[in-house]
Structure formats: structure tokens, C-alpha cells
There are 2 protein chains.
Amino acid sequence: MQPLKVDGERLWQSLMDLARIGATPKGGVRRLTLTDLDRQGRDTFVQWARAAGMTIRIDAIGNIFARRAGVDDSLPPVMTGSHLDTQPSGGKFDGAYGVMAGLEVVRRLNDLGIRTRAPIEVAAWTNEEGSRFVPTMMGSGVYASVYAVGEMLAQKDVDGVSVGEALKSIGYQGDAKPVKVGAYFEAHIEQGPVLENTGTTIGAVQGALGQRWFDVEVTGQDSHAGPTPMELRRDALLAASRLVVETNRVACTYPDNARATVGHMRVAPNSRNVVPGAVNMTLDVRNAKDETLLAMVEDLRRSAAKIAAETRCTIDVKEVLYFAPSHFDPKLVESVRASARALGLSCRDIVSGAAHDAVYLNRIAPTAMIFVPCEGGLSHNELENARPDEIAAGASVLINAMVAAAVVAEAAQAA
Amino acid sequence: MQPLKVDGERLWQSLMDLARIGATPKGGVRRLTLTDLDRQGRDTFVQWARAAGMTIRIDAIGNIFARRAGVDDSLPPVMTGSHLDTQPSGGKFDGAYGVMAGLEVVRRLNDLGIRTRAPIEVAAWTNEEGSRFVPTMMGSGVYASVYAVGEMLAQKDVDGVSVGEALKSIGYQGDAKPVKVGAYFEAHIEQGPVLENTGTTIGAVQGALGQRWFDVEVTGQDSHAGPTPMELRRDALLAASRLVVETNRVACTYPDNARATVGHMRVAPNSRNVVPGAVNMTLDVRNAKDETLLAMVEDLRRSAAKIAAETRCTIDVKEVLYFAPSHFDPKLVESVRASARALGLSCRDIVSGAAHDAVYLNRIAPTAMIFVPCEGGLSHNELENARPDEIAAGASVLINAMVAAAVVAEAAQAA
């Protein structure tokens, strides 16, 4: 059988139509989770899914499941999806792409009269971004039993509104129970520069980096920049800067997709002619292997202790988050590669630097992800952009991988 | 003749009385220039000076000159002084000490019935701190013709009030013309840790460090901390941190009291999981010798260029201030040392890391400064503190150095 291809124009048009809900002047989207704009986005998806012959289930945390029946509807569904909520200054593709690509898969199967043995489901997970309510990936986390639904419903935004109240107010609190998932795929823009830089259309995502996040507090002593000789200083910014340099060294020397970042720094008193007495900073360490991640952290802790002693400052390093590395299902990842090959698309293995809903689904079902390039690697930004042909290519890879998993039972026509 | 000694208790009491004007709960003083509190401080000084038999002149920028007539009143006065304004969170000694020590010199000469050939003047310079109106050392700068008085009167605070308006509103705009100064002394707390750390009571200040200040703008590219591999980053905070480390290296390796400080840093977007795309920071470079100061700056510019190339960022280094190094009058500095020796006080040569009104007076008159220790080197801080015996010791050095310069004409009694 020839590989299937989606209708790229229809997919692109759906993405652009969806992006009008919460559109920002700079071309981005602001559609915070469980707001009325999110409701409009959800309503639109539900309407389109119903128009494609799908049935809708909503669960207690507001996850939406649109189902296309299988020939044997008792089989666990082959699922795909992502999220419809955005960052406060988000773009048109992050999340929306994965949901619309799933919808396009179903529409294309309808066009072709293809029925699969297993049912196909398209999920829209609640609150992936975590911008309004923490934690991120709330809906998929509840589905995978990472979080208790009661605790999540009680989480509040800065105005004191709870997730439960917000869900009710937009009419998206349901009672569907979780079902066993046969396989889970998620199409997503890369949100990084690797595919674009290597001229590759498809990233076959092998898993996601493990993450350890830290809050770092450096304490020295304020003193006048003029009268204080170098040898009598306790310069917290010097200590912090040396730790930034060490963070980069560690990330550049360890294997297994090592990354480490100081993204946030606050200096006190932050005055031009005062030697800084205190610095607060963050540290974000990632690696594909748990043992290498730990080795990086231990290296950085040793560096911090050495720097503290040499600068006569104290450096307090406190862990605030740990995500274990994810390893996606090798057979499904190979199916993504095979689909790309069959379509004649360039493809390379890639490890996701960020977490996605797929990371939680991976805990309960065989999972794989498909990355497509985004312009300049830019995401979480109103200028986030992607090429229509590459958006279509990723969805074509998705349809073939899903059909392989769900197994074709009937086809009205050879593709 | 035995060396003279001031009345340390009276001096201390005057400092404590003055510190009640603008006193803060933590024991500091907030007496911003040309405010009503500054007026109260000025009025108090003027009243005490008149009570000590002095005459008052006010000039166009509000500098106050309290004069004790000399036997030959046509001789250029031997002047001392400092400032009565404070930082927003200032202490009891910075500035106030130099003015009160001058007043105590006169009171003590009165006690002893000593008349000097040259007149003695105590100056309170307007707006040394520069907290409300820039630039710092405004009054002494005008006196030394560094600044045009018209331009300074037009300087405005954040509320749009001009120096001229503020001077009139507190009644301190006069019309006294500048007089030729025979010699200028200024007593001041060190504002640094050197005297305390070396167990020394008196610093004979040889001059002040030259200063070059810079605004540094580092531009890289924001990117996601997760999906962006190390080799594809343009991390502005890494570049900035390497420059902080280089700044410290340069200051620690160059001679001539080299100092260099990054006191201020602002990171954008300053988010935990975003590689920073931009950093603004300051750079403050100081040295006792102009040529060494320039060599430090050139070294740092080369370092910045190398770091920019290696991190694929741009680093823009813009000079915003230059103060040439000051060298005080060798004879007056020796007179300070001699006075300390005669009084049996420990004394060491020191270079002022900060600028003072004396730096501008040094341009128009032979000048020297006397430093006394302050607790922990702490200044520009409500916790600024000094020991009464050391405060008295500095004023005793001052009276002997001033009397040596003004020449004793009559003494009612041998000291």
C-alpha cells in the first residue's frame, strides 16, 4: 500500500481558524487554560470532531477525548493529541498542532473510507502549559495517575479561582473514566533549532530529557565598590558568575544530550558602585540518562562548594523539581521512522528537551512523538512559526504510524 | 608645643544631635539634599557656627562657608568641610563627620584662645551624594568650576523640581563669590575595611582612585532551555558571567590599587527555563594611576571581544563616566602624618577608593584628607558606625594639620 498523505491545506486552515480564538496583534495566541477563550477553542474542536463523525467524552479534569469507532470497538484505542491552551504570549502551533493533526488524521481516513480495527481517539489535554494553574501537564498527569484529581481540582490561580470552579464555569467537567490506551502518538513542533539547522523535516523522538531544577542562593557581603580592596570582598555576583560558567562547562562536557541553564538571576542591592552581597538564581539541568543527570548535578555541587570557599560566600543549592528521563516505545519510534521513510521525508532521531503530555502517557501506554521544525527554533512566543509543507508532513507521518498501530480493516479505495 | 586635642565628647554629641534630623528607625539618617530635613541640618550647623563666633556666607549653589577670622583676614582661608546631605538609607557619619569635625576645630581653638594668622573656614558642600539630583559632588564641583552653576541649578529630581527651586524653597541660595583657598582638609570615615582590618586609627589619604564607569549591553538570543542544545545557544548570561569573571581577574592582577566591579545586572527574559537573550550590566573600573586604569579597560575590552566571539553574542561597552585619579598635596599629606605621629596615633597611607568633595577642591587648592575607621567598612547604610575615640582622633589630627597651615599668631595658653 502506498503511504497515506493528509490534506495539508485543510490542516493548515484548521490551525489558522483555531488561532483566531485568542489571537494577539503580533500574530500569536493568548488562550489561557480554562478561560472563556479556552472554552471557545474546545467548543470548536468538539464541533469539528462531531462533524467528522466522532463521539466526545470529557473526564473529571476536563480532558476531551474524540473517538472514531474501530471495527472492533472493544480494542484499546490508538490515541493521539496534545493541548489547546497556550502560554500568555504563545503561538499558533504549540499544542494546537498535535490536536489538529489528530483531527486531520480522522478526516483523511473518512475521505478514504478507511476503517481501522482499533478505535482512534484524539485527546485535548487540560492545562499543559501551567501558566494559569500549576503544575504543567495537569490533564495528562491526572490521566496517568501522576496526580490525584481532587488535588488538581483544588489548585488555584492568582485570583483564587480553583481548577474545579474554572472547569464548571466553562462547562468542561465531565465524568468519563480513563480507558486503557493501545498506543499514544503526539505530533508537536520541535520548539528548538535542531531540525531546522540540519535541514530535517521529521524528528523521530526517542524520549525526553530528565530534568532537575534548583534554586540557588548566593550570600556574600555588600560593600562599596570604591573603598573595598579586591582581597577583602565577598562578591556574591562573582561567585554566581563563576557558577554560571561552571554550569556551561558541565553541560558541554557530559554526554547523553546534557544541557544546563541559568535562566533567572536577581542581584542585590544591584547598584552600580556596590559590590553585590546576594544573588538568587535558578539552575536547570537536563540529561537523557538518569545516572548522567545525577553526575552532572554532583559535579555542579562540587563546583559550587569550591567557588563558595574561594569567594568566601555561601552557596545554597536547593532542588525544587525532578522529572525522570523518558524513553519512548522503540517499536512505535521505529514506526515513525518507517512512515517518514515511506513518504520520502528526511528524518532523524531526536530527544525532546522539554516535557510534553506524551511523557506522562508514556507511563501508561506505548508512546512516541513526531517533531516538525519551527522557524528559528522559536516557541512560547507570539512569533512562533512553521512551514505548511512541514506541518503537513508531520501529520502524514502521524496517519501512517497510527494506521499501522490500529490496523486497517477496510478501505474503500487503495490510497 | 604639645599637639592639640579636640573635645571628643562634644564632637560626638554634636554628631548624635545632628543625626536626630532625619533619623531612621534602624539608627541611620535619611536627609536628602535640599529637602526640609536638609534645611534643618543646615540651620543647625549655621546656628552652632554662629554661636562659635563664625560668620556665614552662602553661594549660588547653596554651599555654606562658616568663617573664623584670621589675624590677617586677607590671607586665603585654611578650609575644611564635607557635606550634610545623606544617602536615602544613610548613616550618621558620612559627610556629617567632616563638617562637625571642622566645627569642633573652631570650638577648640576658641577654648584655647588660639588665633591663627590665616582665617579658618568650615564648608558644608551642597549635594555631595547625588541621590536626589545628579551629578554627585555638585556643590564642590561648581566651586572648582568643574560644573557651570546655571546648568546645575537647572538639574531636576524625579518629581521635576529643579535644584534652583529647591534651594530657594529652603532659603539657601546665596550670592557669595568663591574665594581663593589656602589649603583644604577633609575628615571622613574610610567607608572601607582597610583601617579596621589593619588596626590603624588614621589614614593619611594620598589621593583618590581614578574611575571609569561603563554600561555594558550583552545581546544573544532567547531560546528554550530544554530543546536548545548547548552548541546552538547564544546565551547572553553566559557571556555576561564570563565578563564578570574577567573583571575580577583584571582587578586582581593589575597594580596601583586596581579595583573593578560589576554591581548591577539585569537579565532578560529572566525566566527559569529560557536561555537568556539579553543582559544589561554595569562596569566600574578604578586605579590610582591613569595609565594603569586605561590598561585595565583595554584588557577588559579585549576580553569582551573574545567572549562575544566565543559565545556568538554581541557585547557593547559604553563609557559613561571618567574621573581622573587625584593626587593630594604631598606637604599637606605629610602634615597629616606628622600630626598623627605627634598624637601617638597609628597611621598609614591610603588611597581613597571613592570620590569626595576634596577631589574637586584638590583642583584649585592644596588638599589632603584624613580617614578614620568605620565598623566593618560599612557605609551608605543605616548601620554605618564608628568609634567615639577614633572619631575624636581624626579631628585632633585635623586641628593640628589646620593650625600648622594657618599658623598660630596668638595663644592664650600653651596647650
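This is a predicted model: local features need pLDDT of at least 70, side-chain atom pairs count only at pLDDT 80 or more; totals for chains, interfaces and linings use all residues.
Which residue in β2(B) does Thr55(B) stand opposite?

1. **Strand pairing around β2(B).** Thr55(B) faces Arg67(B) of β2(B). The strands concerned, β1 (residues 55–58) of chain B and β2(B), run antiparallel and are joined by four bridges. Together they make a hairpin with five residues between the strands, and in that turn Gly62(B) has a positive phi of about 90°. β2(B) also pairs with β5 (residues 120–125) of chain B, again antiparallel, through five bridges. In this second pairing, Ala66(B) stands opposite Val122(B) in β5(B).

2. **Burial of β2(B).** Strand β2 of chain B spans residues 64–68, and five of its five residues are buried. In a regular strand, side chains alternate between the two faces of the sheet. For β2(B), both faces are covered: one side carries Ile64(B), Ala66(B) and Arg68(B), the other Phe65(B) and Arg67(B), and all are buried.

3. **Contact between the chains.** Chain B and chain A each contribute 49 residues to their contact. On the side of chain B, the elements that give two or more residues are α7 (194–198), β9 (223–224), α8 (236–253), β10 (259–261), β11 (265–268), β12 (274–275) and β13 (278–287). The largest share of that side comes from α8(B), with nine residues. By class, the side of chain B that touches chain A comprises 22 nonpolar, 21 polar and six charged residues.

4. **Relation of the two copies.** Two copies of a chain are related by a rotation about an axis and a shift along it. Here, chain B is superposed on chain A by a rotation of 179° with 0.2 Å of shift along the axis, at an RMSD of 0.2 Å. This is the relation of a two-fold axis. Both copies use the same surface, since 100% of the contact residues of chain B recur in chain A. The residue of chain B that comes closest to the rotation axis is Ser241(B), its C-alpha lying at 2.2 Å.

5. **Domains of chain A.** The domain assignment divides chain A into domain 1 (8–208 + 325–411) and domain 2 (210–323). The C-alpha centres of these two domains of chain A are 36 Å apart. Their contact involves five residues of domain 1 and nine residues of domain 2. The domain 1 side of this contact has three nonpolar residues, two polar residues and no charged residues.

Conventions. Residues are numbered from 1 along each chain as its sequence is written. Chains are lettered from A and ligands numbered from 1 in the order in which they are written. Two residues are in contact if their C-beta atoms, placed from the backbone, lie within 7 Å. Ala, Val, Leu, Ile, Met, Phe, Trp, Tyr, Cys and Pro count as nonpolar, Asp, Glu, Lys and Arg as charged, and the others, Gly among them, as polar. Copies are superposed by least squares on the C-alpha atoms of residues with pLDDT of at least 70 in both. Domain bounds come from an automatic or database domain assignment. A residue is buried if 20 or more other C-beta atoms lie within 10 Å of its own, exposed if 12 or fewer, and partly exposed in between; C-beta atoms are placed from the backbone. Two strands pair if DSSP finds at least two bridges between them.
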